[in-house]
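Me: I would like to learn how to read the features of a structure like this one. Please take them one at a time, with the rule stated before the case.

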Amino acid sequence: MDLPEPERDRYRAAALGNLAGVWYARGERTGAVHAVHQAMRHLIEAFPLCDEEAGANLASIFSLCQRLLPKHDLGELAEALNLLRELKEHGVTRSDALNLDVTVTLLFTHQERLRRGEHEGDRLALAETAEEAARIAVEQDRDDAAGFLKTAAVNFLALVDQPGERYARKALDLAADALARCEPGSDDHHLYSFDWALTALMCLSKNENLPDAQVERMLPLLHEDVRQRGVSDAGSRFPGLVTSLLVEWWEASGRTDRRAARAALAHAEAEFATLTEDSPRLVPALHTIGILLQHQYDEETGSLADLRQAAVCFQRITELSAPGSPDHRDAAAHLTACRLASPGDSPGLDLVHPDDFEEPDPQADPTEVIAAAQGLLNSARGVFEEEFVARALTVLDRLGAGDGLGPAMAADHALVLTSALLRQLRHQPHSLALGRAMDVLERATAAQPESGARRAVLMAKIADCWHARYDSSGSPLDLEEAIELARGARDMLQAGGRYHRDSTRQLGRLLLIQDRRSEEGLRLIREWALADPAGSAEAVADWSRSAAGTGAWEEASTAAQIALRQALAGLEDTGGSLEDRLARIHDAEVIAVQAALCAVHASDLGTALRSLETVGSPRASGPGENPDLQPPPKGCVVVHLCAMGGENVLALSMDAAGRTEALWLPVPSKDVVSQAGLSGLAQGDNPDPAWYRQTADVLAGWAGEHLVKPVLEKWPTSWLCVIPHGTHLQSLPLHAAWWPDPTRPEGRRHVLDAVLVTTASGAKRPTAGEPHPDEPGSILAVADPEPMREQPLPGARREAEGAVLHFARSTLLTGTDARRNAVLAALPGADVVHLATHGRTDAFRPLVSELVLADNETLSMAELLEQPLSGTRLLVLSACSLGQGGIFFIGPRPTGSLVQALLRTGVGGVVSSMWRAPDESSSLLIDRFYQLWRSGSYPHPAEALRKAQLWLRDVTNSELGGTPPASPAARRFWETTRPYQHPVHWAAFSYAGM
């Protein structure tokens, strides 16, 4: 039967499609490609007759063509592209389904050409084709239309660097359309929200202005995405990408958009907290932090804390980067700028410079030369470490390879030279330093007597070189060589001497590197630690860690207890600076946590609890000397939270009956570190409202889900006193925790609704039978100083003026009266101290965090801690963010939380803000707190604060008073609105102490 030609073409196309499928199944590439192309040629003529049923039958041709595209050569790809374009031009819209199939095939063809590096001009055609496919999918109301829209957005994003069109804006519109098609609350909605936020950030980085509402929506979404990816993939590059785009946004704004600067700084600091020393992102993150802090100092805060932090970042870059490299030169220039900007009387940026040392006289004898080189190495630290090492090597070059020296002098020369070369190796890992060191050591060793001590010391140094080589190569043979040399050196040295002890430790560590369960390695570390003549707590703690690594928990616990006793003995030394004293306490607390973890593994919960409560506690001077553990008051459960190393978080509790239990929470300690890094996102002198609103809520939700909820499920109570060990845990808003609860009207349960959550320290925690302190009768209130660089705080002034009305004796310092000398003079003897001023927080060096007073005078936290505060019943830090745990990310030594330090000075309790809460809501909260506390309704300040927070969260406009809108409908809405229900208003303040 004769058929019309278009009808024949349609059947031919179908037949050729079937034939192509057969060729494809047989692996015959050429035949399959040729048949598909022939089928498409026939379809060009057949399209006028193609109905929906025919289109569905012919769709397999395009599906097969898509699978064959990777097998096309370049000529065949060009032919396929032309055929598909002709199909589009010949009325493909007659069949909607076939229209989409052809468009998608055209899309894949453009992608394949670009994948092979050909025809860059296809990028725009690819994006436009993706947009057309998305349009068709939307018109057909397909379930996967959002996916097509997302693909189109991604392809337009790839064009953002091309001049002319506003491709970023088009990508954002497509991403918004994709998000709009997702069901709220679904996984797709979360995923596409993050895609939209990243696209919005890309627009801003290309100087595309967006409405403030979109920016406020974008920032918290980016924060949440970075947090989730950081938890699921520690090596993700996404945090670095977000930080880079935020910096580009800041640069595109001419460095004027403070939202961009704050967000970039927060993300860079959070990313830095997760990076290792060998991460390629370490230097860029440090550079970003340094630049933003330097700009913040110059343009916004004028805070020396910002300048110090910037200097530390640039100093670290010079240590990590090669001399002469762009990174090194740029960081050195910025470091110089920081030093020049620093006030002349500030010690914060004083750096020892190599030029301060004089080289020995050219005629100096070898002894003087070696001593000068050793002196340079002793000073080689910080930003100029590499230069000091290079100077030491230059000095030692005068002696050549040491061939003309006597055996003793040759040994001394070889040891100092090797020390310098191994330190140079840290900065230049691919240098020839290791080979040179080994050569010099072997020459010097050969010149020594067979059984001499110097020979043994030189052999131990050669073992260090093999160890360094193992670190680079990973070869077990290098490690075995190091072990053999270390063993030989130890056997040659006289037992009991310093060199024998050092060699014992060296061999023990090498054996444990080879086998983490090595009994010999553990025995040697134990022998070394117990023979330490200085009684070093860190040495014994090293033994404990080694024992724990082998699984010998009882021995690890015993060693940790010895280390803790030695650390506690070291706290009796009250000399040194405040930072040194706090650092010693922090070191002792780290050992205490290690001791507790080991004791729990050894099933000795009593020892674990005593370990955690001895540091700074007047109740016991050592874990074995005073075993009494006072239970908390009735209705209270004390829970120690410990996060350390690779362990999960440990919760160790004691209830009013004296029962002690342990619970391993299902959250790794590294996740706590990640969250603590993000806790800084809510900080700042002038925070972006949308940014910190979302951040505070997210952190409180994480703390509730992973920490507070499991603890309360294990130990139900009406008063939970948490003692967090480590500044990372102290940085989380545990008192404001919440977790999802579909039975609640708001879909979440706040711990505040039913439980009083306070924090404390081992030195200051609630105990049963503790005598009730005398009723406070006096208050010092400092608020709203003038003049100052920051914005006025009228709400803080009102709250201070209201607070003093509740006390028989009061001192109120506001405006120009709030000067530094007046504050310091009034501090001693005040039962309650209320400080409501701006605060400048330095998370890197908490002790230089400061309160701003009149005439821009400041009172640092170090100065506050030095004041006689033992008689202070309550210290209130309002209108600032100094309550956040001090996190010492890159400084030389950690000093711990400021709140914990204040409790150790003898302060009974501290009410402090963890983020910069709005002035108005802070004023209302603090005013309500004093009313409830001083009226006698709630005699404990912690419970009064909790009730005040509940009131502020639930209070309505009608209860607060004010002028309602004129419209009846608007009036009804206004009257029932709770203006302060978001946690950022009521949850900023927490109580710590007795």
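Reply: Start with burial: a residue is buried under 20% relative accessible area, exposed over 50% and partly exposed in between, with a 1.4 Å probe and protein chains only. Phe-807, at 7% relative accessibility, counts as buried. This is a predicted model, in which local features need pLDDT of at least 70 and side-chain atom pairs count only at pLDDT 80 or more, while totals for chains, interfaces and linings use all residues. Residues are numbered from 1 along each chain as its sequence is written, and side-chain values use heavy atoms, with hydrogens and water left out.

Me: How many aromatic pairs are there, and by what rule?

Reply: Rings of Phe, Tyr and Trp (its six-membered ring) pair if their centres lie within 6.5 Å; planes under 30 degrees apart count as stacked, over 60 as edge-to-face and the rest as tilted. The count by this rule is 5 aromatic pairs. One of them joins Phe-807 and Tyr-930 edge-to-face, at 6.2 Å centre to centre with 80° between the planes.

Me: Where in the chain do Phe-807 and Tyr-930 lie?

Reply: Helices (H or I, at least four residues) and strands (E, at least two) are DSSP runs, numbered from the N terminus. Phe-807 is in the loop between helix H31 (794-803) and strand S9 (809-815), and Tyr-930 is in helix H35 (residues 919-934), so the pair links distant parts of the chain, 123 residues apart. Tyr-930 is buried as well, with a relative accessible area of 1%. Tyr-930 also forms a tilted pair with Trp-933, at 6.4 Å centre to centre and 35° between the planes. These two residues are 3 residues apart in H35, which puts about one helical turn between them. Trp-933 has a relative accessible area of 3% and is buried. Phe-807, Phe-929, Tyr-930 and Trp-933 form one aromatic cluster.

Me: Which charged ends sit over rings?

Reply: A charge sits over a ring if NZ of Lys or CZ of Arg is within 6 Å of the ring centre and within 35 degrees of the ring normal. Arg-934 has its charged end over the ring of Phe-807, 4.2 Å from the centre. Likewise, the charged end of Arg-748 sits over the ring of Trp-738, 3.6 Å from its centre.

Me: How is a nonpolar core read?

Reply: In soluble globular proteins, nonpolar side chains tend to be buried together. A nonpolar core is a set of buried Ala, Val, Leu, Ile, Met, Phe, Trp, Tyr and Cys residues joined through side-chain atoms within 4.5 Å. The largest here has 75 residues, and those with the most contacts inside it include Trp-196, Leu-201 and Phe-314. Apart from it lies another core of 55 residues, among them Trp-543 and Val-899.

Me: How does the length of helix H24 compare with the expected span?

Reply: The expected span is 1.5 Å times one less than the number of residues. H24 (residues 537-550) has 14 residues and reaches 20 Å from its first C-alpha to its last, close to the 20 Å expected. In H24, 11 of the 14 residues are buried, so the helix is largely enclosed by the rest of the structure; Trp-543 is among them. Just after H24, Gly-551 takes a positive phi of about 90°.

Me: And how is strand pairing read?

Reply: Two strands pair if DSSP finds at least two bridges between them. Strand S2 (residues 648-654) and strand S3 (residues 660-668) pair in the antiparallel sense over 6 bridges, with Leu-650 opposite Trp-664 in S3. S2 and S3 form a hairpin with 5 residues between them, and Gly-658 in the turn has a positive phi of about 85°.
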